[in-house]
Amino acid sequence: MHILVLPFGFILWYLAYKAKPIIRDDVTLHWEERNIDKRNKLLNIINERF
């Protein structure tokens, strides 16, 4: 029984996570810009080494 409950719980969690609304405000945009900057810095470091 528990073998069936865990996968079903993960599926429900995934569906709920995908269905949450996206809030567009200044804080979210600032946070996304910071994450993009960090990602670009990491990609530049990786590309320089290889």
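This is a predicted model: local features need pLDDT of at least 70, side-chain atom pairs count only at pLDDT 80 or more; totals for chains, interfaces and linings use all residues.
Me: How many helices and how many strands does the protein have?
Reply: Helices (H or I, at least four residues) and strands (E, at least two) are DSSP runs, numbered from the N terminus. Counted in this way, the secondary structure of the protein comes to two helices and zero strands.

Me: What is the radius of gyration of the protein, and what does the globule rule give for 50 residues?
Reply: The radius of gyration is taken over C-alpha atoms, and the globule rule is 2.2 Å times the number of residues to the power 0.38. The protein is more spread out than a compact globule, because its radius is well over the value of the rule. The C-alpha atoms fill a box of roughly 50 × 35 × 10 Å along the principal axes.

Me: What percentage of the 50 residues in the protein is buried?
Reply: Buried means under 20% relative accessible area, exposed means over 50%, and partly exposed lies in between (1.4 Å probe, protein chains only). In helix α1, the count of buried residues among its 18 residues is zero. For the 50 residues of the protein, the buried percentage is 0%.

Me: What distance does helix α1 reach from its first C-alpha to its last?
Reply: Helix α1 covers residues 2–19, which is 18 residues. The expected span of a helix is 1.5 Å times one less than its number of residues, and for α1 this expectation is 26 Å. The distance reached by α1 is close to that expectation, at 26 Å.

Me: Which residues form the aromatic pair, and is the pair stacked or edge-to-face?
Reply: A search of the whole structure finds one aromatic pair, where rings of Phe, Tyr and Trp (its six-membered ring) pair if their centres lie within 6.5 Å, and planes under 30 degrees apart count as stacked, over 60 as edge-to-face and the rest as tilted. The centres are 5.8 Å apart with 25° between the planes, and the pair, Trp13 and Tyr17, is stacked.

Me: Is Trp13 buried or exposed?
Reply: Trp13 has a relative accessibility of 55%. Its ring partner Tyr17 is partly exposed, with a relative accessible area of 46%. Trp13, by its own value, counts as exposed.

Me: What distance separates the C-alpha atoms of Val27 and Asn47?
Reply: Val27 is in helix α2, which covers residues 26–49, and Val27 is exposed, with a relative accessible area of 62%. Ile46 is also in helix α2, and the C-alpha atoms of Ile46 and Val27, 19 residues apart along the chain, are separated by 29 Å. Val27 and Asn47 are 20 residues apart along the chain, and their C-alpha atoms are separated by 30 Å.

Terms used. Residues are numbered from 1 along each chain as its sequence is written. Side-chain values use heavy atoms; hydrogens and water are left out.
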